[in-house]
Amino acid sequence: EVSSDYISDRMDQDAPNILEWADIADEPVAPRTGRNTCIGFVVGFILMSGAIIIGYLMNDTLADAEGIERYLGLNTLAEIPDSASVKEQKGRKNKMEKIVFDKLEELDYGVTEALRTLKTNIQFCGDDIKTILLTSSIPSEGKSTVTLNLARSIAASGQKVIYVDCDIRKSVIVGRLGAHTENRKKIFGLSHYLSGQKRLEEVCY
């Protein structure tokens with residue numbers, strides 16, 4: 001009422017009519033924490049679901065044997081699990097110079113059985129298979145470990161095996177597994193043979 005009279009005196013006109021009196025709110029009008037929380041949860045859920053769906057649709061990696069058979073049409077011979085245990089093993093050979101591995105992996109039962117399965121499936125592929133090449137898309141996927149232990153598994157069955165380490169730049173056999181001759185001499189490999197520095201019998205151990 002005071003404001004109404006004050007306005008009429010100042011503006012020299014009739015007092016304004018008050019249609020409705022204002023009420024003092026019991027709680028703040030904004031921000032509405034509950035509503036904003038619900039909206040944020042719904043929007044976050046929608047964005048997260050969209051990101052998961054897009055990631056799934058754009059994922060073209062082969063994660064299991066079924067994916068390899070489905071997309072590449074190739075049969076999987078075996079699945080080799082990872083093994084992290086390490087143990088020393090003495091070198092072995094008959095007439096050639098022996099090599100000692102200081103850090104050769106000691107395989108657990110699951111890995112050993114998987115390698116035996118791989119060896120058996122390779123044998124069932126035919127008697128004319130003389131060369132086996134192992135490769136992968138990125139480093140440190142276990143090529144050298146699987147290849148070396150597969151060669152050991154085949155040799156343990158009485159067959160003759162030649163293991164060729166073609167990683168000339170960064171050999172896992174020498175670096176990670178600590179391969180060396182019994183008298184700690186330098187190991188000569190494929191690069192020495194291809195460059196003519198060593199004969200074939202000098203790079204076979």
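Trainee: How many residues apart are Arg116 and Glu113 in helix H4?

Mentor: Helices are DSSP runs of H or I with at least four residues, numbered from the N terminus. Arg116 and Glu113 are 3 residues apart in helix H4 (residues 109-123), so about one helical turn separates them. This is a predicted model: local features need pLDDT of at least 70, side-chain atom pairs count only at pLDDT 80 or more, and totals for chains, interfaces and linings use all residues. Residues are numbered from 1 along each chain as its sequence is written, and side-chain values use heavy atoms, with hydrogens and water left out.

Trainee: What do Arg116 and Glu113 form?

Mentor: A salt bridge is a side-chain nitrogen of Lys or Arg within 4 Å of a carboxyl oxygen of Asp or Glu. Arg116 and Glu113 form one, with their closest N and O atoms 2.9 Å apart.

Trainee: Is Arg116 buried or partly exposed?

Mentor: Buried means under 20% relative accessible area, exposed over 50%, and partly exposed in between (1.4 Å probe, protein chains only). Arg116 is partly exposed at 44%, and Glu113 is partly exposed at 26%.

Trainee: How many salt bridges does a search of the whole structure find?

Mentor: It finds 3. Arg199, Glu201 and Glu202 are linked in a network: Arg199 meets Glu201 at 2.7 Å, N to O, and Glu202 at 3.7 Å, N to O. Glu201 is exposed at 53%, whereas Glu202 is partly exposed at 29%.

Notes. Helices (H or I, at least four residues) and strands (E, at least two) are DSSP runs, numbered from the N terminus.
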